[in-house]
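Subject: Structure handover

Hi,

Here is the structure I promised to pass on. Please open it alongside this email.

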Amino acid sequence: MTPMLSRRRVWRAAFAAGVTVSLAAPAQSQAPATIRPLTYTRVVLPNGLVAILNEDHSSPIIGVQVSYHIGAKDEPKGRTGFAHLCEHLMFDGSPNVPAGQFMSIVRAGGGTSTRWAETTEDRTIFYETVPSNQLETILWLESDRMLRPFMHTDSTRLDVVRGIIKNERQANREGVPFGLANSVTLEALYGGENPYRDPVGPMDDINRATFGEIRQFCAPYYAPNNAVIALSGDFDTAKAKALVTKYFGEIKRGAPVKHPAMRPTPMSGERRLVLEDARARVPRLRIAWAGASFTNPDKNALNALASALQGDRSAGLTKALVYDRQLATGVFVFAADLENGGVFQIEAAPRGTTPLGVLEDVIDSVVRVAIEIPPTEKQLRHFKNSNAINAITGLQSRVMRADTLTQGESWANDPVTYAKQVNAASKLTPEQVRQAARKYLVPGRVVMSMVPAGKLDLISKPERKYERPLAATPPGGAK
Amino acid sequence: MIRSIARVAMCVALLVPALSAQQVDRSKRPAAPPPPSFVFPKIETRTLPNGLVVHIVENHALPLVAVRAVIQSGSLIDPAGKAGLFTLDTLLVRDGTTKMSGDDLSSAIDELGAPITPTRFTTVSAQLEPSLTLMADMLMRPTFPADAIERRKAQLTAALQRDEGVSSVIGLRIFNSLLFGGEHPFARVPTTANLAAITRDDIVKFHDTYVRPQNVALVIVGDVTPQAALALVRRAFGDWERKGEVVTASVPTPTGPSATTIYLHDRPKSPQSTVFVGQLGPARTTPDFYALEALGALFGGAAGSRIPQALRERRALTYSVVHTPVWRRADDPIAIFGSSNVDAAKTDSALIVWLSELQDVTGKRAPTEAELTYARSLTVGSLATRIETFDEVANRIALVAQSRLPITYYDDYVRGVNAVTPASVGAAAAKHIDPKRTVIVVVGDRASLEPALKAANIGPVVVVDAGGKPVP
């Protein structure tokens, strides 16, 4: 029940999303690294629910995911945190399943899940892996809570859930060094009305709201026409189709759901921020730009650019910062894609007493080169190889396959978008990567100095204009 | 080799006819067919003449192979005063070998497209051979360049400094030092000072003595036949000379605490307290092993177990909590413990509830048949869903090898857990859980917690530093 831009999500967004069955580039080969998409059957029920069925009998288990198209970006001012709160409430019982029994029933049948559910900026997903004899049971469970969501919740229970979420935010954000950095970055890049923001944000709105308001906001999104279900694993497709139809077919279609039009706030110039953190001992520097969305054709080029910029001992920022000049203990570059936007980010940790300003200068000079000079064929080939291999190793688990299929269906009306993107990436040219650097690594960006509380003398280039108030995790935590 | 996506993907868009108005009877959980039986994949084990053990699982469902190298016994063989040496060694072997410079090695790994470390990789089966060759080169022929040593020490030092900000890391260190004793190998952690004291000679000698084939097991899972895998292993590792020592790394038996005590480490104004609660347990060779597995599952294994129900679902004191035995190698003493981040203002309530649950499971509310059924589904019933991928199979076998358990461990496990009874689990709880000899570590705001914890009357409250030593 975690949020996004967590490491796992970044990894998923930036690299994974890939899948199955075949191929990959042999070492030293110049051949394009391509993959074969997962095979699937797509079913659309009259009530609008889309089901994606990926049959695979190699193990007697099934991965299940139900994805609802509701995320933090759907929350207007005054309703922040509602999507994530409703994710929790979906475990509070349904017409025929008592409150708190969902997980116990899955587990009693031998099922598991790493997190059970996650709320991101764009969608809310629920997922489990079950032994194949539990197929009908899991469809019964998932359809029962889609049938009448939130029916058992009352104000007493709502208080308990608020308490759990408060503890979740403190454990995953306020209680870890720089745990709020992603939250601050995202809001700085995408602020505005209905901004992209942390799904597990401050508690104010959900503490203020009544249960009626919360249900009224969430219920329209928890409808079959706003959901995709994917099954991956050991079932017969015809039988699974019949069972999905049996359990989900009678659920009433809801009103059409509209998502806010998302525009990145045009950033004409640089925004310089400071994140102080009482738990941190060592500073870091982060530079972030608005990136490409899930369906944006530039996504592949930005991923290749991130790979080339990160580099290894012999190239890119790793060579410049960690090996040649030994100014940093590590540098991490990634491109993450959301449904309607993206983040391209460089983060470095100084070695010893290296000032953050020195890291910024070196990063800037390497970025300037990337805008002028394309990556080498070798750098690009490394990216293509790892991109294709990750698409296979990353889709070993059936739940990851289900997740990838629902994401493609939900955001691009094509469950195997991931495979088409990997195969398109195999044709990238160095010049396309340079063009992406020129287009995205623009002056409008966020430069964030992350420092231990009170160590404002450590910020990068203090003579430049910083925004106030400074972002901070006060020692007391929750705002 | 670009295949036509249209031809390969069997995409079928279907409109299903509307169901008749007849309603589905949802009032009862659907009857499930009998569960598929779980059988751990068949493992072929061979030993090379130089002592290297190879465990192979053949599975052609995906064109992948997952490889692990298990080095006995990890950081437990760090010499006293040189904690971090093993970790430093496994990092430094990536920085150059007699065949390749650090740059060339890094570039060769990138070319293969999957991260290859000295101890693990997962890649497409077509690249097993070059990947295994690089792994062998790192393990067998490292050169330990002097500049790399300084760089890796700086990286480790930075990681240590980051850890100092993480309450759960600090709390676990304090807990281990109080339960096992500050000098015990389980409590040993690297410090900036002892990293600085490690010399290149230390590293070279350490690697030459311990990182040798007689102390290493390879695990290979996936799209390769055992014969082909063995041939590749012989080619890559056959020349590795058996030399140095056979690692035993047996550890002292700790005495454990004599009375329940709360150890408080100050982290001013923390909104949550990070809490560890537990005690010493027996080695996994105990006849009570399976009963303790079931006990851990029903007491603190997952949502629906006693501690998560009590602390999260009924009282919203935490987001998550677990409390189970944490097993180590076959003969090692262990801790049976739980941890959680709890609402700071209610730390005392959380501990009172937690200890009363510990007390109850030893007698007043002994485990029931229903709880045991649930525990079996958590431990045994879910094996198929928890050991799904090639990576997970490889990790499990690596853990069995590292723990020096019989390779039939999982087959025995299913039988063992299925054989326990509520009476045997209750007896194990009464024997191994003693709420009066519990170590409690709280990392949080001393100013507000100290008076509240004293008033809770659980046990003495001792304020400690990050090493677990009392401070005024």
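Below is what I found, element by element.

One caution before the details: this is a predicted model.

**Strands in chain B**

Start with strand β10 of chain B, residues 334-343. This strand is mostly covered, with eight of its 10 residues buried. β10(B) has strand β8 (residues 272-281) of chain B as an antiparallel partner, joined to it by 10 bridges.

**A helix crossing in chain B**

Next, take helix α4 (residues 128-140) and helix α9 (residues 226-237) of chain B. Their axes come within 9 Å and cross at roughly 35 degrees. The crossing of α4(B) and α9(B) is right-handed. On the α4(B) side, the contact involves B:Leu128, B:Glu129, B:Leu132, B:Thr133, B:Met135, B:Ala136, B:Leu139 and B:Met140. α9(B) meets them with B:Leu232, B:Val233, B:Arg235, B:Ala236 and B:Phe237. By type, the residues of this contact are 10 nonpolar, one polar and two charged.

**Nonpolar cores**

Which residues touch the most other members of the largest nonpolar core? They are B:Leu351 and B:Val442, in a core of 94 residues. Helix α10 (residues 289-300) of chain B supplies the largest share of this core, eight residues. Leaving out residues up to four places away in sequence, B:Leu351 touches B:Ile262, B:Val275, B:Val277, B:Ile440, B:Val442, B:Leu453 and B:Ile458.

**An arginine in chain A**

Last, go to A:Arg468. This residue lies in the loop between β11 (446-452) and β12 (471-473) of chain A. Is A:Arg468 buried or exposed? A:Arg468 counts as exposed because its relative accessible area is 66%, and the cut-off for exposed is over 50%. Now compare its place in sequence with its place in space. A:Arg468 and A:Arg272 are 196 residues apart in sequence, yet their C-alpha atoms are 9.5 Å apart.

Over to you.

Best wishes

Methods
Residues are numbered from 1 along each chain as its sequence is written. Chains are lettered from A and ligands numbered from 1 in the order in which they are written. This is a predicted model: local features need pLDDT of at least 70, side-chain atom pairs count only at pLDDT 80 or more; totals for chains, interfaces and linings use all residues. Side-chain values use heavy atoms; hydrogens and water are left out. Buried means under 20% relative accessible area, exposed over 50%, partly exposed in between (1.4 Å probe, protein chains only). Helices (H or I, at least four residues) and strands (E, at least two) are DSSP runs, numbered from the N terminus. Two strands pair if DSSP finds at least two bridges between them. Axes are lines fitted to C-alpha atoms, for helices over the stretch in contact, and angles run from 0 to 180 degrees between N-to-C directions. A crossing is left-handed if the near helix is turned anticlockwise from the far one by less than a right angle, and right-handed if clockwise. Contact means heavy atoms within 4.5 Å. Ala, Val, Leu, Ile, Met, Phe, Trp, Tyr, Cys and Pro count as nonpolar, Asp, Glu, Lys and Arg as charged, and the others, Gly among them, as polar. A nonpolar core is a set of buried Ala, Val, Leu, Ile, Met, Phe, Trp, Tyr and Cys residues joined through side-chain atoms within 4.5 Å.
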